[in-house]
Amino acid sequence: MVFALIHALEGVGGLAVAPGWAIMAIAYLAWRQISWRLGFVVVASIHALLNLIPAISTLVYATRNI
C-alpha cells in the first residue's frame, strides 16, 4: 500500500501498477521455493522489463528535445 501511494503521488496511479505488483509477488512466491536469490532475480527482471518502455520513451523524448 505504501508503494502504491508513492506511485500515485508520482502521477502513475497505484491501481495502474497493482497488476504488475501482483505478478511479481506471485512470481517471487513461486521461485522462492527454489532459492531466494532466484526469486529476487526473477522479480528484478520483471521490474526492469516493466520499466524498459517508459525509459526508452523518456530517452527518445530527451534526445529529440535537447
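Trainee: How many residues does the chain have, and what percentage of them count as buried?

Mentor: The chain of this predicted model has 66 residues, and 14% of them count as buried. Its accessible surface comes to about 5500 Å², with 74% of that area belonging to carbon and sulfur atoms.

Trainee: Which elements does the chain hold, and how many helices and strands are there?

Mentor: There are 3 helices and 0 strands, and from the N terminus on the elements run α-α-α.

Trainee: What is known about the predictor's confidence, given as pLDDT, in the chain and in its elements?

Mentor: The mean pLDDT of the chain is 84, and 79% of the residues reach 70 or more. Among the elements, helix α1, residues 2-10, has the lowest mean at 66, whereas α3 has the highest at 91.

Trainee: Why is Ala-27 called buried?

Mentor: Ala-27, which lies in helix α2, has a relative accessible area of 13%; buried means under 20%, and therefore Ala-27 is counted as buried.

Trainee: What does Ala-27 touch, apart from residues up to four places away in sequence?

Mentor: With those neighbours not counted, Ala-27 touches Val-42 and Ile-46. There is also a C-alpha to C-alpha distance of 9.4 Å between Ala-27 and Phe-40, which are 13 residues apart in sequence.

Trainee: Is Ile-46 then buried or exposed, or does it fall in between, and why?

Mentor: Ile-46, a residue of helix α3, has a relative accessibility of 22%; since buried requires under 20% and exposed requires over 50%, the value falls in between, and so Ile-46 counts as partly exposed.

Trainee: Which residues is Ile-46 in contact with, leaving aside neighbours within four places in sequence?

Mentor: Ile-46 is in contact with Met-24 and Ala-27 when those neighbours are left aside.

Trainee: What makes Ile-34 an exposed residue, and where is its place in the chain?

Mentor: Ile-34 sits in the loop between α2, residues 14-32, and α3. Its relative accessible area is 59%, and because exposed means over 50%, Ile-34 is called exposed.

Trainee: Which residues make the nonpolar surface patch, and which helix gives the most to it?

Mentor: The patch, of about 630 Å², is made by Trp-31, Ile-34, Trp-36, Leu-38, Phe-40 and Val-41, and helix α3, residues 36-64, gives the most to it, with 4 residues.

Key
Residues are numbered from 1 along each chain as its sequence is written. This is a predicted model: local features need pLDDT of at least 70, side-chain atom pairs count only at pLDDT 80 or more; totals for chains, interfaces and linings use all residues. Side-chain values use heavy atoms; hydrogens and water are left out. Helices (H or I, at least four residues) and strands (E, at least two) are DSSP runs, numbered from the N terminus. Buried means under 20% relative accessible area, exposed over 50%, partly exposed in between (1.4 Å probe, protein chains only). Accessible areas come from the Shrake-Rupley method with a 1.4 Å probe; for residues, only the protein chains shown count as cover. Patches are made of residues with over 30% relative accessible area and no salt bridge: like charges are joined within 9 Å, nonpolar side chains (Val, Leu, Ile, Met, Phe, Trp, Tyr) within 5 Å. A salt bridge is a side-chain nitrogen of Lys or Arg within 4 Å of a carboxyl oxygen of Asp or Glu. Contact means heavy atoms within 4.5 Å. pLDDT is the predictor's confidence in each residue, from 0 to 100.
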